[in-house]
Amino acid sequence: MSFDHVAVIGGGLSGTLQAISLLRQPGPRVTLIEPSARPARGLAYSTTHPAHLLNVRARNMSAYGDAPDHFAAWLEAKGLGTADDYVPRRIYGDYLAEQLEAVAAASDNRLRIVRGAATDLERDGHGFRVTLANGKTLSATIAVLALGNLAPRVPPAFDPAVLGEAFVNDPWSAEATRGLDPSGTVLLVGTGMTMVDIALQLVDGGFDGRIIAVSRRGLLPLTHPETPPALPQRDAPPEAGKLSALLADLRRLADATGWHAATDHLRPCLQALWQSLDTDARARFLRHLRPWWDIHRHRLAPAVSARIAHLRAEGRLDVLAGKFLAADPCPEGARVRWRVRASETTRTETVARIINCTGPGCDIRASRLPLLQNLLARGLVRPGALGMGVDVTPQAQVVDRDGTPVPSLFALGPMTRGAFWEITAVPEIRKQTQALAQTLCVPHTAGPF
């Protein structure tokens, strides 16, 4: 069987890197399906706000595994920054778009970009038929799901139908900050990276009121050091398979080298460590350790961290810990009640708007995307481990409802988090897309894929 056409569904980071990897070597035609008018940016890199910075230095963000300094060199050539800068995310989006265009131009017109949302995917002989929202269809021998992050889950205490305009579930929508009284009060649900972005967007947009950010633990992302830490040398990787042993090993290393270096040192083996844990251990990690891991692993650029600290010192941003109990509409917007963490004390605030900043969703069963609903109904996909993304093999091949790998159907990036955990950042997604491209660009006969 000849694999002559790959349909990549989703044109954000994962889909763009997959298209680039395929086009850089002889192989099949590629159709990149993306609903937005600006492919190669996705949600993360489509922002135009100058305060929305990359949360890593430019030196770590090359689109090419065989040219790790490519993005840094691109920045310097354009006079936009250096390898050690945390540049605006929109600049990285421009970089990805330029790379896609350049690689496509050098690939004998093997790339086609289709603007539209894929709503269905069906078996069609030896391949697939993709249906778009406008009713048009296209056929491909291989399909790759590169859907990125799902919409955030609505927290249990909030009913959007009851709260109306006072509650915004999509923090990136225009409705999130539109029409606010500049001197009012806004509640941000969550205290992670999304909260930081929205708080800065509010302030820079002229909002001069009070911002309250609440999460279960009230943890803020930590800050990158001013200079990259020196990574330790070790003869053997950490002991795999037992969560307590992994945690003890990380603490020993942090005591010896500092937590920045210890966390970064784990990164190359995180996927293997995750896969070495059984389901119970993974669940315990998500329940007890994930918030602490997230704030150490996903850090703020120093300039962003300084702005957040300044807002807190001015009293314009309160970061609190608690469990939400109820939210009711009122003439001012909404009246929200929560229990203060480690206490029986409850607190009530009247706010003009509630913005969900809890971060991306991951349960495909809760997604309203027609494509995922149809794939689930057909049994072509099933939820990944602990309900995260879709189930895939170690080679990123999608697993169906019965546990059988689906020939010629793959998934990438955050959609595969249940299998790989650490698969949301550029280095890991770059590695995943390059591995799949190498597989697909080798001539095949009928086989396991």
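Predicted model: local features only at pLDDT ≥ 70, side-chain atom pairs only at ≥ 80, totals over all residues.
Helices in this description are DSSP runs of at least four residues, numbered from the N terminus. On that basis, helix H3 spans residues 70-77 and holds both Phe71 and Trp74, which, being three residues apart, are separated by about one helical turn.

**Aromatic pairs**

- The structure holds 12 aromatic pairs, one of which joins Phe71 and Trp74, with 6.0 Å from centre to centre and 20° between the planes; because planes under 30 degrees apart count as stacked, this pair is classed as stacked.
- Both partners of that pair lie under the 20% limit for burial, since Phe71 has a relative accessibility of 0% and Trp74 has a relative accessible area of 10%.
- A further pair is formed by Tyr92 and Tyr95, whose ring centres are 5.5 Å apart and whose planes meet at 35°, so that this pair is tilted.
- Tyr92 and Tyr95 belong to helix H4 (residues 89-105), where a spacing of three residues means that about one helical turn separates them, and both of these tyrosines are buried.
- Through ring pairs, Tyr45, Phe71, Trp74, Tyr92 and Tyr95 are linked into a cluster.

**A charge over a ring**

- Arg417 is placed over the face of Trp421, at a distance of 4.4 Å from the ring centre.

**Largest nonpolar core**

- The largest nonpolar core has 43 residues, and the members that touch the most others are Phe71, Tyr92 and Leu96.
- At least two residues of this core come from each of strand E1 (5-9), helix H1 (13-23), strand E2 (29-34), H3, H4, strand E7 (142-145) and H14, while H4 gives the largest share, with eight residues.
- As a general background, nonpolar side chains tend to be buried together in soluble globular proteins.

**Second largest pocket**

- The second largest pocket has a volume of about 900 Å³, and of the 34 residues that line this pocket, Arg267, Pro268, Arg297, Pro427 and Glu428 are the closest to its centre.
- Helix H8 (259-266), helix H9 (270-276) and helix H14 (426-440) are the elements that contribute two or more residues to the lining, with the largest share, seven residues, supplied by H14.
- Sorted by class, the lining of this pocket comprises 18 nonpolar, seven polar and nine charged residues.

Methods
Residues numbered from 1 in each chain as written. Heavy atoms only, no water. 1 Å grid on protein atoms, 1.4 Å probe; cavity = no way out; pocket = protein on both sides within 12 Å on 5 of 7 lines; lining within 4 Å. Points joined across faces, edges and corners; volume = space filled by probe spheres on them. Nonpolar A, V, L, I, M, F, W, Y, C, P; charged D, E, K, R; others polar. Phe/Tyr/Trp six-rings, centres within 6.5 Å; stacked < 30°, edge-to-face > 60°. Buried < 20%, exposed > 50% of the residue type's maximum accessible area, 1.4 Å probe, protein only. Lys NZ or Arg CZ within 6 Å of the ring centre and 35° of its normal. Core = buried A, V, L, I, M, F, W, Y, C linked by side-chain atoms within 4.5 Å.
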